[in-house]
Amino acid sequence: MNIHIKNGRVIDPKNQLDAVRDVFIAAGKIAAIGNAPEGFVASQTLDATGLVVIPGLIDLSARLREPGNEYMATLESEMSAAVAGGVTSLSCPPDTDPPLDEPGLVEMLKYRAKNLHQARVYPIGALTTGLKGQELTEMAELVDAGCVAFSQANAPLTDTRVLLRAMQYAATFDFPLWLHPQDYFLSKNGVAHDGEVATRCGLAAIPVCAETIALATMLTLMRETGARLHIGRISSAAGVEMIRAAKREGLPLTCDMSINHLHLSEMDIGFFDSNCHLIPPLRSLRDRDALRAGLLDGTIDAICSNHSPVDEDAKQLPFAESEAGATGLELLLPMVLKWANQVSLPLSDAISKATLQPARILGLDAGHLSVGASADLCIFNPEADWEIKPAALKSQGKNTPFNGMNVQGKVCFTLVEGLVVYQI
Amino acid sequence: MRNPQLNQDGELQHLLSTEGLPARIMRDILDKAATFLDGSDQPEIRKVPLLHGKSVFNIFFENSTRTRTTFEIAAKRLSADVVNLNIGSSSTSKGETLLDTVDNLCAMHADMFVVRHSQSGAAHLIARHVAPEIHVINAGDGRHAHPTQALLDMFTIRHYKKEFHNLRVAIVGDVLHSRVARSQIHALTTLGVPEVRVIAPKTLLPTMVENLGVHVYHDMAKGLRDVDVILMLRLQNERMQGALLPSAQEYFKHYGLTEEKLSYAKPDAIVMHPGPMNRGVEIDSAVADGPNSVILSQVTFGIAVRMAVMSTLAGGR
């Protein structure tokens with residue numbers, strides 16, 4: 001199948017390209033950009049006039065809820081949400097039921113996802129058996145099954161000795177660890193940032209030190225063990241500053257943040273909006289500004305959707321009893337674009353945070369449009385205004401704090417390995 | 001974001017919190033409450049037909065005999081039909097969600113819900129959910145708000161002190177876990193009290209409490225100096241767990257209101273407490289039963305204030 005994408009504005013951060021070009025795809029790969037390769041005959045032509053052609057988005061954290069939580073979402077629903085959002089690769093945390101702690105589960109997930117012929121799925125394996133924080137999983141076996149890193153997701157790992165051992169073991173084989181810094185005791189029962197809003201609303205609070213203490217432990221053990229660490233969902237100004245210092249020191253560290261923390265703060269909780277019940281909690285405006293600054297200066301490498309679809313009934317509860325999480329796969333692109341627009345950032349730099357940078361964190365040769373690269377692409381209309389309406393989302397998770405917001409940028413085509421897997 | 005307790009004409013639709021409740025509405029409620037009383041400290045309350053034919057459902061997801069009883073009496077004095085439901089914590093174990101319960105009660109033609117729930121925001125959730133002709137009164141939600149308690153406290157303060165603009169008020173105790181304290185602070189600042197203080201150890205104060213417009217004290221001698229009104233908070237026994245406080249004895253020594261500590265306040269200071277009191281923990285019996293205490297008046301006034309709230313919501317003028 002040869003595809004000719006005509007007349008689109010091609011943005012490829014890796015190759016520093018931002019110009020109107022034609023893209024030629026053959027045998028699932030980028031065959032040429034600019035002029036057609038010799039003898040190229042298109043079997044399909046996509047008119048991208050007025051549209052932007054970018055590498056497919058790579059989402060570092062998208063919960064698909066399978067296995068075990070199909071009442072929240074299914075692989076079918078979430079994979080179609082992914083491609084509708086222009087996401088061509090995603091990694092999913094291990095907090096399924098059962099958790100991804102056995103090679104068989106991982107193989108099954110990869111197999112089922114592959115058969116859907118939509119986005120590529122890169123599972124994150126459980127760091128400890130059952131995510132219980134006590135015994136290590138068979139990491140090498142899990143890597144053979146397809147895991148790209150190991151994580152506790154949001155499950156606590158309170159025993160520091162286990163964390164030390166896990167990091168030593170992972171470092172032995174150079175397996176990366178993806179960790180969420182949130183001290184168990186300081187965040188237990190908490191549902192909102194320990195600040196003005198939690199005080200006014202009388203919500204049990206999670207202080208910033210829950211993040212910084214956990215982060216300090218992780219960084220200390222990183223120096224001790226030489227493990228490679230990716231810090232997921234940083235939420236506070238103090239946390240960003242610690243990452244910045246650690247990077248300056250030369251620690252092999254990467255870091256991401258969610259679209260929710262990019263645009264929202266504790267203030268958005270308003271009158272107990274359970275759509276804003278998230279992990280980690282939305283913090284103060286000052287924290288949000290520091291996160292944005294960290295994203296700009298490269299302290300924070302990537303933006304992810306932190307897609308966590310939940311059952312709708314689970315949000316129709318008092319704030320603290322509601323389930324934490326929000327849908328995000330279909331909102332990643334418009335939220336990145338909104339940020340770029342707000343801070344007048346060149347589109348290429350912004351898009352890099354959701355394409356090239358996450359690919360590097362995942363260790364993938366992806367997120368770019370070099371000749372010979374797999375043709376994973378997102379083609380979107382940058383001028384299309386649309387209102388975020390839960391019912392129109394493909395994801396089974398309908399809850400988002402961005403409900404009703406007007407955004408710009410609508411995905412028109414998504415291609416994975418040279419095939420159109422989504423078309424508006 | 002529209003204030004969820006006011007309708008489009010700016011009138012009271014629900015009573016959910018004293019935060020964002022306009023001063024004029026507060027004053028109207030206090031004035032209306034006064035019409036149900038004869039002006040004395042231990043008045044009789046007449047029965048009036050303002051809510052005749054209306055159904056008031058007291059739904060208490062958290063037990064509170066006292067608050068429920070005062071709402072029941074208030075509704076009956078207004079000639080309403082009253083249904084009491086003590087749902088406790090058992091409803092969730094039966095699998096029925098909060099909103100399912102509410103839907104069922106709406107189908108029984110409730111006109112007004114009086115809601116007590118252990119979770120902050122529960123009354124807001126219900127108010128958002130019900131049809132526009134149904135009114136919701138928050139009778140306490142988690143740590144968030146207890147507006148009728150705060151309004152009856154304001155009524156009591158006005159009864160004894162006449163004005164708000166020249167007062168110094170101290171709130172003493174477990175502000176962190178207290179919905180009463182939050183509602184009192186918003187009511188006092190809205191009604192123009194120039195100086196509101198909170199006095200507590202750091203473990204019992206929420207982060208950035210000063211942003212609510214209060215001055216923070218950790219010492220009773222300093223915090224009570226020259227105050228006109230002392231609002232005591234109840235200290236629950238479970239606060240001794242979780243490393244918030246070492247013991248009730250040590251708490252009483254530093255923060256319990258004794259005659260000695262009362263002497264720092266103005267001689268005519270009034271002492272209030274939302275009840276039920278823990279004598280010997282947050283307040284000494286000599287003070288609770290002493291000449292400065294107006295605690296029993298609060299209870300009587302509470303009925304009149306709740307009548308005023310219900311009749312305001314029902315549009316009875």
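**Exercise 1.** Determine in which sense strand 14 and strand 15 of chain A pair, and over how many bridges.

*Solution.* Strand 14 (residues 253–258) of chain A and strand 15 of chain A pair in the parallel sense over three bridges, where strands are DSSP runs of E of at least two residues, numbered from the N terminus, and two strands pair if DSSP finds at least two bridges between them. Within this pair, Met257(A) stands opposite Ile303(A) in strand 15 of chain A.

This is a predicted model, in which local features need pLDDT of at least 70 and side-chain atom pairs count only at pLDDT 80 or more, while totals for chains, interfaces and linings use all residues. Residues are numbered from 1 along each chain as its sequence is written, and chains are lettered from A and ligands numbered from 1 in the order in which they are written.

**Exercise 2.** Find how many residues of chain A are in contact with chain B.

*Solution.* Counting residues as in contact if their C-beta atoms, placed from the backbone, lie within 7 Å, 19 residues of chain A are in contact with 24 residues of chain B. Helix 6 (residues 196–201) of chain A, a DSSP run of H or I of at least four residues, gives the most to the side of chain A that touches chain B, with four residues.

Note on methods: Two residues are in contact if their C-beta atoms, placed from the backbone, lie within 7 Å.
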